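I opened this notebook to keep track of what I look up in one protein model.

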Amino acid sequence: MAELIHVSEASDPRLADYVRLTDGQLRRSLEAAEGLFIAEGAKVIRRALETGHLPRSILMAERWLDSLSDVLPGLDCPVYLVSDATAEALTGFAVHRGALASLTRLPLPALPEVLAPARRIIILEDLVNHTNVGAIFRCAAALDVDAVILAPRCADPLYRRSVKVSMGAVFAVPYARMGDWHKDLALVRDAGFRLLALTPADDALDLEDAAASSGEKVGLLLGSEGDGLSSHWISEADAAVRIPMSPGALSKGVDSLNVVAAAAIACYALTR
Ligand SMILES: C[S@@+](CC[C@H](N)C(=O)[O-])C[C@H]1O[C@@H](n2cnc3c(N)ncnc32)[C@H](O)[C@@H]1O
């Protein structure tokens, strides 16, 4: 049974896993150094536990104990009970969504291991926004995508915002991170995937036509929020593919879709 421990000071070293959760730079280095990630809310914590992630500790206000009463008896970790004020002073935000858990990261599988059983994959270049990464995992889980591949610089799916927005899909959809941005796309192609580079460029093939002839194994390449896909990745792809936008979009100042919207539309087109 998890041990319940009341803690009153935000500076208590036992709470160090939860310090300044809104400070991206600090969190990235702390979580990498400690091999941990943070899950937020009973539902997401339960999913993390169900998928084999070991808890280091749980932090919550006492009133949230019931929300995890089914799992706490089976856990072997401390549960720190804090006031709302202590939680806010520690994490940097008002923790209204119930429990937080600090969990140990599992080793990531190698690229070939994730590719072998997959037919439909999403490949993310240098996305910087954790919300977008989490939402794309949710699309992947909802729209029959077997795996997600990340470029070396793509944002972390286990960052708190990604985990939360994905509703735990980051635990359900297998993913791997490339070691080499320049060379590893060729490994994906060599594994039999037809690579479709999603771009709003006018001279790209229409998505509907590309989807009709996409073949057995398909990889959808999505680019960063600012610059989009690099010219290197577009040139490595089998085809550049666009989701046609309304002719009036440009006059409204819109030259592309948000990357999550593009992912959802492209995944849906492939499932039809
Ligand atoms: C915000 S967009 C980047 C816009 C960037 N200026 C460009 O030209 O790609 C982020 C990503 O969403 C995808 N995307 C956005 N709009 C798209 C469209 N109309 N067709 C296909 N992909 C699109 C692309 O993968 C793109 O790299």
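**Entry 1: a partly exposed aspartate.** I looked up Asp23 and found a relative accessibility of 23%, so Asp23 counts as partly exposed. I note here that the model is a predicted one. I then asked which residue Asp23 forms a salt bridge with. The partner is Arg20, and the closest N and O atoms are 2.7 Å apart. Arg20 is partly exposed too, with a relative accessible area of 44%.

**Entry 2: Asp17 and Arg56.** I checked a second pair, in which the side chains of Asp17 and Arg56 meet in a salt bridge at 2.7 Å, N to O. Asp17 sits in the loop between strand S1 (3-6) and helix H1 (24-34), while Arg56 belongs to strand S3 (residues 55-60), so the bridge ties together parts 39 residues apart in sequence. Is Asp17 buried or exposed? Its relative accessibility is 11%, and the cut-off for buried is under 20%, so Asp17 counts as buried. Arg56 has a relative accessible area of 28%, which makes Arg56 partly exposed.

Entry 3: Glu40 has a relative accessible area of 7%, so Glu40 is buried.

**Entry 4: salt bridges overall.** I asked how many salt bridges the structure holds. The count is 15. I also found a network of salt bridges that links Arg27, Glu31, Arg105 and Asp156. I wrote down the general point that side chains of opposite charge can pair when their charged atoms come close. For the protein chain, I noted 26 positive and 35 negative charges, with mean positions 2 Å apart.

**Entry 5: the whole chain.** I listed 11 helices and 12 strands for the protein chain. The C-alpha trace spans about 60 × 45 × 30 Å along its principal axes. Buried residues make up 51% of the 272 residues. Of the contacts with a separation of 6 or more, 76% are between residues 24 or more positions apart. The accessible surface comes to about 12800 Å², and 52% of this area belongs to carbon and sulfur atoms.

Notes: Residues numbered from 1 in each chain as written. Predicted model: local features only at pLDDT ≥ 70, side-chain atom pairs only at ≥ 80, totals over all residues. Heavy atoms only, no water. Helix = DSSP H or I, 4+ residues; strand = E, 2+ residues; numbered from the N terminus. Buried < 20%, exposed > 50% of the residue type's maximum accessible area, 1.4 Å probe, protein only. Contact = heavy atoms within 4.5 Å. Areas by Shrake-Rupley, 256 points an atom, 1.4 Å probe, with all protein chains shown as cover. Lys, Arg positive; Asp, Glu negative; His and termini not counted. Charge placed at Lys NZ, Arg CZ, Asp CG, Glu CD. Salt bridge = Lys/Arg side-chain N within 4 Å of Asp/Glu carboxyl O.
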